[in-house]
Amino acid sequence: MIEDTIAAISTPLGTGGIGIIRISGKDAFAITNNIFKGKKFKDLSQARTHTIHYGHIFDKDKVIDEVLIMVMKSPNTYTREDIIEINCHGGLVSIRKVLDVVLKMGARLAEPGEFTKRAFLNGRIDLSQAEAVIDVITAKTETSLNTAMNQLEGNLSIRINELRNELLELMAHIEASIDYPEYDIEELGQKRLKESIEDIRIKINHLLKTADSGKILREGVKTVIVGKPNVGKSSLLNALLREQRAIVTDIPGTTRDVLEEYINISGIPFKIIDTAGIRETEDLVEKIGVNRSKDLLDRADLVILILDLSINLEDEDRAIMDLVKNKKVLIVLNKTDLPPIIDKKEIYNRFSANKVIEMSTKDRNDIEKLEKALKEMFYTGQISMDDSVIITNVRHKNSLEKADISLKSVLESIDMGMPEDCLSIDLTNAYKDLGEITGQSVQEDLIKKIFSQFCLGK
């Protein structure tokens, strides 16, 4: 399939000033020559690389659109193949019509992520850099973007390759001493070998320590707002977003479905989820919303439980407090602008004081106080933009953990007095585990799975 010439729309579908169709492969110029008439070149392969040419796209004798053609010749392109990018008007009909003409001339519609997959298969980037492309596109904060760019520039790859080279030197020395005994190659010795492996394990564990914080940077903190109806859940969501995203009324059960939005607090992305009020109800639609709320509660990184200061605690409040008692939770005693009636003592008996905030969603200062508390719950001090490598991908974390386990087995074998040739299997496994991160030792089905997560046109 890599011999095919592929094409896809690379800009979001919809009305816009410009839409871009990307074509990559050995027939990119020939296909475009059949449908493009410009002012200068009849054969775009004769144009200088990385130049732009004005003209029109035709379907037989009919003009489809007025365009600019970007010519990029291999190997200095994203895919290391010949690439044409057609910049046409961004209307939904016009850009689809241009794509149809390109496909009619012999191009194949690209699969999700196939342009980046070709960049990987043609050796322009490794697998970790390819995955960073998704992270750049989906970055929710500037910190997330910087972390993704560090990975895209190859900082993680450099670190992983350094570790693999250290392992390779150990493996080569052991194999040489076994295979060529006549050359009297000096054995590494248990002490030197242990020191080398322990040093590699220290470096691996340094990377692993960044994984939890990195996951937060990549995916955001899944923060679920819960409480019984009418305590101010939707009001809190609107206050955090600085906009009226959720409908707020005095009618219980107004929020019947889940609302999700991202907010940026000091570089940390929080995925705020407003849920239906948890209560017993006979309303079928509201009951579905309540069940979804409970499911989200189980999978949340953080729970914000809202209680109404202006009324007494009810059984519904106590039932929700029981649900969240083993979660990472922040209790918001809302409506400080009204006379307090709630029994605070019962709440402080259940939860420590540093997990309780008394506030009003109408007070901007209180919202900022809440944001500060949210940040402090997840800012561990491990994230620093001075660190060039932060592990943000669960796949990378799993590979590092497997490599560490294999190296631990090597140390155990050394302590048992096993000969050097018995250590090669675990050293080789660690070497392969690290290679999974950069794609140097990875199965084809995993490559397909990774690139299937990309959008079309990338």
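Ser 24 stands opposite Ile 83 in S6. Please keep in mind that this is a predicted model, in which local features need pLDDT of at least 70, side-chain atom pairs count only at pLDDT 80 or more, and totals for chains, interfaces and linings use all residues. Residues are numbered from 1 along each chain as its sequence is written, and side-chain values use heavy atoms, with hydrogens and water left out. Helices (H or I, at least four residues) and strands (E, at least two) are DSSP runs, numbered from the N terminus.

**The sheet**
- An open sheet of 7 strands has the order S3-S4-S5-S6-S2-S1-S7, with mixed pairing.
- Strands S3 (36–38) and S7 (108–109) stand at the edges with a single partner strand each, so one side of each has no neighbour in the sheet.

**Helices on the sheet**
- Helix H2 (residues 92–104) packs on the sheet and touches S1 (6–9), S2, S4, S5, S6 and S7, a contact being heavy atoms within 4.5 Å.
- The direction of H2 makes about 175° with that of S1; axes are lines fitted to C-alpha atoms, for helices over the stretch in contact, and angles run from 0 to 180 degrees between N-to-C directions.
- Helix H3 (residues 114–121) lies across S1, S2 and S7, at about 135° to S1.

**Around S5**
- S4 (residues 51–59) and S5 (residues 62–72) are antiparallel, paired over 9 bridges, with Gly 55 opposite Val 67 in S5.
- Their hairpin has 2 residues between the strands, and Lys 60 takes a positive phi near 60° there.
- S5 also joins S6 (residues 83–89) through 5 bridges, running antiparallel; Ile 69 has Ile 86 in S6 as its bridge partner.

Methods. Two strands pair if DSSP finds at least two bridges between them.
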